[in-house]
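Morning, everyone. Let me put the model up, and then I'll walk you through its sheets and helices.

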Amino acid sequence: MQHPVSAPLGMTAANCADRIGFAQLTRQAFEGVDLHPLRDQLLARIAAGTALAGEGLDLSLITQLLGDKDQGLAIQSEVLTFHQLFRTPSTAPKPGLRLLALAADIDMGGNTPIDFLLEGSDVELLTLYVVSGVGLPESLPEHDVAIVVASDSEECREALNLIEKTAPRWPRPLLNRPDRIGNLDRDKLHRLLAGVPGLDIPATIHATRAQLSDLSKGRIACKDIADELRFPMIARPRGSHAGVGLAKLDDEAALAAYLAERGEQDFFVARFVDYVNPDGLYRKYRLAMVDGKPYACHMAIADRWDIWYLNAYMAFSEEKRAEEAAFMLDFDRAFAERHRSALEEMSRRVGLDYFIVDCAENQDGELLVFEADNTAVVHNMDSPVVFPYKPPQMRKIFAAFAAMLSRHAGAGEGSAA
């Protein structure tokens with residue numbers, strides 16, 4: 001039965017499958033817990049025909065955490081053919097709010113790891129997987145507020161489209177609207193943020209292998225691909241993440257050598273911005289934008305431009321950690337204030353209730369934006385002994401996230417979003 005276009009979707013008490021969840025299993029892996037016994041136990045239950053759907057989804061994640069991404073995804077897809085709704089119980093005796101997260105059938109890094117953000121709250125998390133060929137149910141599970149957690153990747157496009165078609169009839173406030181998540185794509189984000197005063201974001205340009213091959217052989221110039229492009233440039237395979245295939249190319253010879261090592265047909269290229277500080281070190285920041293306000297997540301310091309937190313080896317340097325602690329302590333008065341107008345305008349244009357920004361400061365003191373997305377991990381797993389300044393900062397972010405959910409849930413009480 002088709003609903004009238006203007007009629008909100010109904011809600012009903014739904015059949016949720018309980019699971020351990022992303023945060024708890026990832027924390028165990030991070031802390032070095034051997035997940036093989038739990039994996040074997042779940043496999044035995046599946047073999048005996050006694051496994052529940054939530055256990056199947058946990059097995060999928062454990063398998064991915066143990067390094068077998070393809071097998072983990074196969075298990076997940078199999079589970080999702082017969083069950084799409086899962087519950088991660090709140091630690092509170094009685095949940096104060098029910099959050100419905102709308103996810104896609106993708107690997108463990110493809111949906112917002114929202115479990116971490118709910119740590120210590122009274123929020124009960126329901127995750128509804130929007131699956132190809134199944135779509136959304138006619139009656140949604142009872143919830144107070146919903147949020148789209150699928151990413152802007154190609155694999156999530158169908159799920160985002162299905163949610164977008166239903167969004168006008170959503171019975172509760174719907175955060176991180178699917179049409180705005182698409183703005184986070186690398187090449188779209190540059191166009192969206194072009195012209196923001198005090199913000200530098202190099203154009204991310206799609207280039208084919210044939211174009212780059214011609215460039216490496218001198219048949220065309222950088223400007224034939226894009227006006228802004230020049231050497232040195234940054235290249236990465238289109239669709240890659242976590243630094244896979246990322247390289248700085250100084251000239252045509254370096255580009256030729258890079259192509260010889262890569263088999264992909266499509267790439268993203270961008271001008272290289274040397275954001276080195278006077279002391280010869282690079283500093284890269286991760287910010288969480290919650291309800292339009294920036295929060296410091298981490299600061300990575302290294303002697304290399306291609307920096308992320310793990311290769312900065314912050315745990316091995318007391319001096320680096322002291323600087324990161326000062327960055328967090330003074331964030332509102334220093335970094336956030338310096339870039340207040342740029343961050344406010346960025347948040348307004350992106351239009352998401354929650355997203356992550358990886359950034360630095362260029363040599364002119366502008367906010368240099370590398371990437372924005374809604375699926376980066378914000379967690380409180382680092383050792384409180386080594387990083388004593390982190391738990392209070394993470395709890396501050398988590399509290400802001402929970403307050404945002406409560407504010408929207410209160411605004412939507414008794415009416416459709």
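First, the ground rules. This is a predicted model, where local features need pLDDT of at least 70, side-chain atom pairs count only at pLDDT 80 or more, and totals for chains, interfaces and linings use all residues. Residues are numbered from 1 along each chain as its sequence is written, and side-chain values use heavy atoms, with hydrogens and water left out.

Now the six-strand sheet. The sheet is open, in the order β2-β3-β5-β4-β7-β8, with mixed pairing. Strands are DSSP E runs of at least two residues, and helices are H or I runs of at least four, numbered from the N terminus. Two strands pair if DSSP finds at least two bridges between them. β2 (17-18) and β8 stand at the edges with a single partner strand each, so one side of each has no neighbour in the sheet. β7 and β8 run parallel, joined by two bridges. Ala146 has Leu174 in β8 as its bridge partner.

Next, α6, residues 157-166. Ala159, Leu160, Ile163 and Thr166 are buried there, meaning under 20% relative accessible area with a 1.4 Å probe, protein chains only.

On to the four-strand sheet. The order is β10-β13-β11-β12, open and antiparallel. β10 and β13 pair over four bridges. In β13, Phe267 is the bridge partner of Ala207. Helix α9 packs on this sheet, touching β10, β11 and β13.

Definitions and conventions: Buried means under 20% relative accessible area, exposed over 50%, partly exposed in between (1.4 Å probe, protein chains only). Contact means heavy atoms within 4.5 Å. Axes are lines fitted to C-alpha atoms, for helices over the stretch in contact, and angles run from 0 to 180 degrees between N-to-C directions.
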